[in-house]
Amino acid sequence: MINELFIDILSKMEKTVEHYQHEVASIRTSRASVNILDIVKVDYYGSLTPLNNMAQISVPEPQQITIQPYDPTSLRTIEKAIIASELGLNPNNDGNIIRLTIPTLTDERRKDLVKLVHNIIEEGRVGIRNIRRDANDQLKKFNKDEGLSDDNLKRAMEDVQEMTDKHILQLNELQKKKEAEIYE
């Protein structure tokens with residue numbers, strides 16, 4: 001029973017870290033990255049379709065992203081979706097490819113982005129701690145209802161804390177890495 005609980009806790013914590021990795025990856029830095037377009041959804045024949053499902057996206061230069069749609073007739077709708085996404089990027093449509101030039105960030109914008117990264121990572125830490133709290137509550141319930149010994153309870157709670165520390169450390173590393181990217 002406890003092993004199943006640990007597997008569940010580990011799975012939830014890993015999914016939480018993965019979720020926040022995607023959140024942080026979508027934050028724009030001064031270098032071009034295809035991840036910043038993950039939030040762009042295009043109205044393609046009445047359904048919202050992720051841009052990366054509709055086009056080949058590449059980074060030919062450090063400050064530029066190119067978008068080559070699989071369906072050339074969708075260039076205008078892709079362009080409109082990028083403008084509507086509030087990424088602050090101006091698409092340049094040459095009739096075949098859309099080019100996005102990534103402007104360099106101002107110091108103030110960099111500070112704002114670092115604050116945003118801090119807030120996102122803190123949400124992740126809170127999520128990990130909530131998983132820990134729920135796990136500890138379940139362990140205490142096992143202790144009370146199913147006769148889990150106090151020593152085993154203590155050991156299990158220490159194991160949960162180790163998992164928590166490991167995943168919070170992963171989030172902290174992710175934060176440091178993204179901050180370094182922003183200040184590059």
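**Entry 1: the tyrosine pair.** I looked up Tyr45 and found it exposed, with a relative accessible area of 71%. Tyr44 is partly exposed, at a relative accessible area of 25%. The model I am reading is a predicted one. I then searched for aromatic pairs, and the count came to 1. Tyr44 and Tyr45 form that pair, with 4.7 Å centre to centre and 65° between the planes. I recorded the pair as edge-to-face, because planes over 60 degrees apart count as such.

**Entry 2: the nonpolar cores.** I next examined the largest nonpolar core, which has 28 residues. Ile9, Leu139, Val160 and Leu171 touch the most other members. At least two residues of this core come from each of helix H1 (2-25), helix H4 (107-145) and helix H5 (150-183). H4 gives the largest share, 10 residues. I also noted a second, separate core of 20 residues, with Val42, Ile65, Leu87 and Ile102 among them.

**Entry 3: surroundings of Val160.** Which residues is Val160 in contact with, leaving aside its neighbours within four places in sequence? I listed Phe6, Ile9, Met13, Arg132, Ala135, Asn136 and Leu139.

**Entry 4: H1 against H4.** I checked the packing of H1 and H4 and found an angle of about 170°, with the axes 9 Å apart. H1 is therefore roughly antiparallel to H4. From H1, the residues making the contact include Ile9, Met13 and Tyr20; from H4, they include Ile128, Arg132 and Leu139. Sorted by class, I recorded 14 nonpolar, 3 polar and 4 charged residues in the contact of H1 with H4.

How values were computed
Residues are numbered from 1 along each chain as its sequence is written. This is a predicted model: local features need pLDDT of at least 70, side-chain atom pairs count only at pLDDT 80 or more; totals for chains, interfaces and linings use all residues. Side-chain values use heavy atoms; hydrogens and water are left out. A nonpolar core is a set of buried Ala, Val, Leu, Ile, Met, Phe, Trp, Tyr and Cys residues joined through side-chain atoms within 4.5 Å. Buried means under 20% relative accessible area, exposed over 50%, partly exposed in between (1.4 Å probe, protein chains only). Helices (H or I, at least four residues) and strands (E, at least two) are DSSP runs, numbered from the N terminus. Contact means heavy atoms within 4.5 Å. Rings of Phe, Tyr and Trp (its six-membered ring) pair if their centres lie within 6.5 Å; planes under 30 degrees apart count as stacked, over 60 as edge-to-face and the rest as tilted. Axes are lines fitted to C-alpha atoms, for helices over the stretch in contact, and angles run from 0 to 180 degrees between N-to-C directions. Angles under 35 degrees count as roughly parallel, over 145 as roughly antiparallel, 65 to 115 as roughly perpendicular and the rest as oblique. Ala, Val, Leu, Ile, Met, Phe, Trp, Tyr, Cys and Pro count as nonpolar, Asp, Glu, Lys and Arg as charged, and the others, Gly among them, as polar.
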